[in-house]
Amino acid sequence: MSFDIILTTHNTTGEMRDFTNPFTGEAVHGPVHADISETERRAISELLATVAPKGANEYGCFVLELSDGGKAEVFASELPDDKPFFGCMIAIRRHFTPLLLDTIWRLCNMGRMSMFATMDDSKPIVTDKEHLSLLPDDWDDAVVCDSPEQLGLLLDKGFSDWDKLRNTVGTAG
């Protein structure tokens, strides 16, 4: 199995600009993104140094081979070069493991980023309800995963099953 997750920051300068969407070619008016904070950069760098002790390769890829069998590649070429960092891509190899889910959840949380899984019916994911305020107004369908375990359920069952589970739990008792 191979599965990709995109993490993106929502730090902005407060300014707006016109740009071309690289995927659709559409002209878009949107916010100017800002780099992550030094605290966020340090936390993410320290986590990656722990889970990928060889560091980034020449392509900025951190290869994770975790003790519970979790394997992934984190593409974050801007991070080791102290370039502005707006997010990264995580390519999951094989399957999700508890340590891999913990690493993904912590990366997202440490950078106050949102996460997008490349799957059907995907929605933005954040790790803290306070991070919802960082998202664009039209992302009102974002999902909050409070733990790596919740993230695992969401990625395993999909978003429609997550909505059913959340609604059942929210209305129980």
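A surface patch is here built from residues with over 30% relative accessible area and no salt bridge, like charges being joined within 9 Å and nonpolar side chains (Val, Leu, Ile, Met, Phe, Trp, Tyr) within 5 Å. In this predicted model, local features need pLDDT of at least 70 and side-chain atom pairs count only at pLDDT 80 or more, while totals for chains, interfaces and linings use all residues. Residues are numbered from 1 along each chain as its sequence is written, and side-chain values use heavy atoms, without hydrogens and water.

One such patch, of negative charge, gathers D137, D138, D140 and D141 on the surface. D141 belongs to the loop between strand 8 (125–126) and strand 9 (143–144), and its 36% relative accessibility makes it partly exposed (buried means under 20%, exposed over 50%, partly exposed in between, with a 1.4 Å probe and protein chains only). T127 lies in the loop between strand 8 and strand 9 but is buried, at 4%.

The whole structure holds 5 salt bridges, each a side-chain nitrogen of Lys or Arg within 4 Å of a carboxyl oxygen of Asp or Glu; the table lists some of them.

| Pair | N to O distance |
|---|---|
| E40 and R112 | 2.7 Å |
| R41 and D82 | 3.9 Å |
| D102 and R106 | 3.2 Å |

E40, in helix 1 (residues 38–51), and R112, in the loop between helix 2 (98–110) and strand 7 (114–117), are 72 residues apart. E40 is buried at 7%, whereas R112 is partly exposed at 32%. D102 and R106, by contrast, both sit in helix 2, 4 residues apart, about one turn of the helix.

Methods:
Accessible areas come from the Shrake-Rupley method with a 1.4 Å probe; for residues, only the protein chains shown count as cover. Lys and Arg count as positive and Asp and Glu as negative; His and the chain ends are not counted. The place of a charge is taken as NZ of Lys, CZ of Arg, CG of Asp or CD of Glu. Helices (H or I, at least four residues) and strands (E, at least two) are DSSP runs, numbered from the N terminus.
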